[in-house]
Amino acid sequence: MAETTKIEVAPGQVWALRDDRYDGWRYLTVNEVDARYVYAKGQRRKTRILADRFARGSRWSFCGYDGPGVLPVFSMRPVPGGCLSCPPKPAALPLTRVCAVGFGRVSVTRDGEIVWEGDSEKKRLAHFELKARETPGDWRIRFEAAMSDVMYQRQGENNWVLVFRGMGFA
């Protein structure tokens, strides 16, 4: 079920644009917004789009936020998985969550530096929660799979919340 709330475009937001020239989805991070244009950074270059066309229509999808510091929560409820048979992604991760996606990768970062990267049924989020208590910082875990891409940020003890939801790499 799609949310009907209109999201105001603001710096730090990540939007996905379905674009056949880029073989699927093109991700844009908003840098600046003025009365006439939205300035965004793509994977390769900076882009300027008319404000009345940005994030309008079915080709656009809001993905969440990116940048340093504490990010706003993407959703307070579970969000749909990548396909109809995939389970929903929780709004907050339990510490028993396995750090594996099957086909894809999981990466854990602290202040933008990769702490661990892989896909292991033996690793749990609790392992990284203990490390985060020992060395504070901006801790994030990202689950990149074929049909979904979600990122959680540690915002307090035992509190890993959803801040980004992408389309996946397939």
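How many bridges join S7 to S8? Five bridges join these two strands, and they run antiparallel. Keep in mind that this is a predicted model, where local features need pLDDT of at least 70, side-chain atom pairs count only at pLDDT 80 or more, and totals for chains, interfaces and linings use all residues. Residues are numbered from 1 along each chain as its sequence is written, and side-chain values use heavy atoms, with hydrogens and water left out.

**Strands and how they pair**

- Strands here are DSSP runs of E with at least two residues, numbered from the N terminus.
- Two strands count as paired if DSSP finds at least two bridges between them.
- Let's start with S7, which covers residues 104-110. S7 is joined to S9 by seven bridges, and the two run antiparallel.
- On the S8 side, Arg-110 has Glu-113 as its bridge partner.
- S7 and S8 form a hairpin with two residues between them.
- S9 also pairs with S10, again in the antiparallel sense, over five bridges. Here Arg-142 has Met-151 in S10 as its bridge partner.
- The link from S9 to S10 is a hairpin too, through three residues.
- S9 (residues 139-145) is mostly covered, with six of its seven residues buried. Buried means under 20% relative accessible area, exposed means over 50%, and partly exposed is in between (1.4 Å probe, protein chains only).

**The nonpolar core**

- A nonpolar core is a set of buried Ala, Val, Leu, Ile, Met, Phe, Trp, Tyr and Cys residues joined through side-chain atoms within 4.5 Å.
- Which members of the largest core touch the most other members? They are Trp-15, Phe-54, Ile-141 and Tyr-152, out of 41 residues.
- Strand S11 (residues 160-166) gives the largest share of this core, five residues.
- Zoom in on Tyr-152, and you'll find that its contacts (heavy atoms within 4.5 Å) include Trp-139, Ile-141, Phe-143, Trp-160 and Leu-162, leaving out residues up to four places away in sequence.

- Arg-154 sits in strand S10 (residues 149-154). Arg-154 has a relative accessible area of 18%, so it counts as buried.
- The side chain of Arg-154 makes a polar contact of 2.9 Å with the side chain of Glu-129. A polar contact is a pair of N or O atoms within 3.5 Å; within protein, one must be able to donate a hydrogen and the other to accept it, and residues adjacent in sequence count only if both atoms are side-chain atoms.
- Apart from neighbours within four places in sequence, Arg-154 is in contact with residues including Ala-132, Arg-133 and Asn-159.
- Arg-165 lies in strand S11. Arg-165 is partly exposed, because its relative accessible area is 25%.
- Among the residues that Arg-165 touches, beyond those up to four places away in sequence, are Phe-62, Cys-63, Phe-74 and Asp-149.
- Arg-165 and Tyr-37 are 128 residues apart in sequence and 25 Å apart in space, C-alpha to C-alpha.
- Arg-45 is in the loop between strand S3 (37-41) and strand S4 (46-50). Is Arg-45 buried or exposed? Arg-45 is exposed, because its relative accessible area is 51%.

**The second largest pocket**

- On a 1 Å grid over the protein atoms alone, a pocket is an open set of points where a 1.4 Å probe fits, with protein on both sides within 12 Å along at least five of seven lines; lining residues have an atom within 4 Å of a point.
- The second largest pocket has a volume of about 540 Å³, where volume is the space filled by probe spheres set on the points, and grid points are joined across faces, edges and corners.
- Its lining has 28 residues, and Asp-66, Arg-142, Asp-149, Met-151 and Phe-164 lie nearest its centre.
- S9 gives the largest share of this lining, five residues.

**Two residues with positive phi**

- Ala-55 has phi near 60°, a positive value in a residue other than glycine. Ala-55 is in the loop between S4 and strand S5 (60-65), and its 17% relative accessible area is why it counts as buried.
- Asp-111, in the loop between S7 and S8, has phi near 55°, also a positive value in a residue other than glycine. Asp-111 is partly exposed, with a relative accessible area of 45%.

Definitions and conventions:
Helices (H or I, at least four residues) and strands (E, at least two) are DSSP runs, numbered from the N terminus.
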